[in-house]
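This report describes selected features of one protein structure. Please examine the sequence and the structure shown below before reading on.

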Amino acid sequence: MNEVWVGIDAGKGHHWACAVDATGKTLLSKKIINGEDEILAGLGEILGLAPKVNWAIDISSSPSSLLVALLIAHGQNPRYISGTLVKQMSRALGSENKTDANDAHVIARTSVFAADRLSDLKIPAQIMSDLTLLTSHRTDLVRDRTRAYNRMRDTLTGVFPALERAFNFSAHKGAMVLLTGFQTPAALRRMGHSRLTAWLAKRGVRLPHGVAELAIEAAKAQQTSLPGEDAAAQIIEDLANSILNLTERIARAEKQMEKMLNEHPQGPILLSMPGMGHILAAELLVAAGDFSAYATEGHFASAAGMVPVSRDSGTRTGVNVRPKRYSRPLQRALFLTAQAACFHHQRDRDYYNRKRAQGMRHSAAVICVARRQIRMLWTLLREDRKYQLEPPERRSNA
């Protein structure tokens, strides 16, 4: 026996490995604790089965990081198999049991004849690992801030609706600082305009006089104290402090992302693209991974879900529909970049208007702009140069 196929059902606490031969016969099936010594012991046992071992893993995120790193360090080539494919093959193989051992067996048998559906797992560079962690961390912080902001506005509306209408709290830091000290009409009226202005100025609020004036006007417009006002005031104060803290943490993460993006070899090229900022450039790099993994710009556009797929049957031909399998984060980054370019870049805006004049909807026209930007990005990456409004002059070889 010269070759075996190993399927690994990865998990946080442990993995389950199953090795099969070309006929699907199980050669080994065992539980491996997610620790370095245990993985190395299991690796040595599996490598002793045959000279060549093919590895397939169903998780490419943090639970399998140590496993993938150890496999690559020992000269192995682990490959990723999607959970959707495993589920489909489990049904096709007639297996109704849902256990780690059965999932690993299905993964191993699938990898025997579906090698073209698997993608290689690689250890990302240090800067890409940092960018991946920072973009994910920033996304979580933004969601937490949005949740706290909505809860704060809802609570404030229940006890002080005039103040909630007076400010756009999501874009006004001074109004959020105000809520850390005063949440009720009576407290603002007792403070008065002059003392409130001094209180805000002491805390670094920009234009404190105008903030204090709007707050006092809202307090004078409501003379009634509503039930639950004291408890609501404490909740609003806690949420306001939490939102300010989350805003500082988001700014700190974005500053680190910007620094790492400038150090990335392809970062300056992405930042020169129309509509591309530091956040979208970082998300695009994380979602795309290694650009050299895509054979052409068409493969890259297909991975982003911007290439239609055929649905022909019988006499019905020429039917194209939207794809179902593609990278959602990659499509989001490209779509938002194209949409921003339509508003702030004249050439992209003219191209977008031409597509709309042809009868396309907004989303379809933006996708056309995104496809155009993908072709432009591919050219810039191939020639290793930044985007410029006028194309570079061609020089003859002579």
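Does Trp199 count as buried or exposed? At 15% relative accessibility, Trp199 counts as buried; buried means under 20% relative accessible area, exposed over 50%, and partly exposed in between, with a 1.4 Å probe and protein chains only.

## Basis of the report

The model is predicted: local features need pLDDT of at least 70, side-chain atom pairs count only at pLDDT 80 or more, and totals for chains, interfaces and linings use all residues. Residues are numbered from 1 along each chain as its sequence is written, and side-chain values use heavy atoms, with hydrogens and water left out.

## The sheet

An open sheet of mixed pairing is formed by 6 strands in the order S3-S2-S1-S4-S5-S6. Strands (E, at least two residues) and helices (H or I, at least four residues) are DSSP runs numbered from the N terminus, and two strands pair if DSSP finds at least two bridges between them. Strand S3 (26–33) and strand S6 (119–120) are at the edges with a single partner strand each, so one side of each has no neighbour in the sheet.

Strand S1 (residues 3–9) pairs with strand S4 (residues 52–57) in the parallel sense, over 6 bridges. Within this part of the sheet, Ile8 has Ile57 in S4 as its bridge partner.

## A buried arginine

Arg138 belongs to helix H5 (residues 126–159). Its relative accessible area is 16%, so Arg138 is buried. Leaving aside residues up to four places away in sequence, Arg138 touches Ile250, Glu254, Met257, Ile279 and Glu283, where contact means heavy atoms within 4.5 Å.

## Aromatic pairs

The whole structure holds 6 aromatic pairs. Rings of Phe, Tyr and Trp (its six-membered ring) pair if their centres lie within 6.5 Å; planes under 30 degrees apart count as stacked, over 60 as edge-to-face and the rest as tilted. The centres of the Phe182 and Trp199 rings are 4.9 Å apart and the planes are at 75 degrees, so this pair is edge-to-face. Phe182 is in the loop between helix H7 (173–179) and helix H8 (185–191), while Trp199 is in helix H9 (residues 193–202), 17 residues apart. Phe182 is buried, with a relative accessible area of 9%.

Phe291 and Trp378 form another edge-to-face pair, with 6.5 Å from centre to centre and 75 degrees between the planes. Phe291 lies in the loop between helix H13 (278–288) and helix H14 (297–303) and Trp378 in helix H17 (residues 362–383), so the pair ties together parts 87 residues apart in sequence. Both Phe291 and Trp378 are buried.
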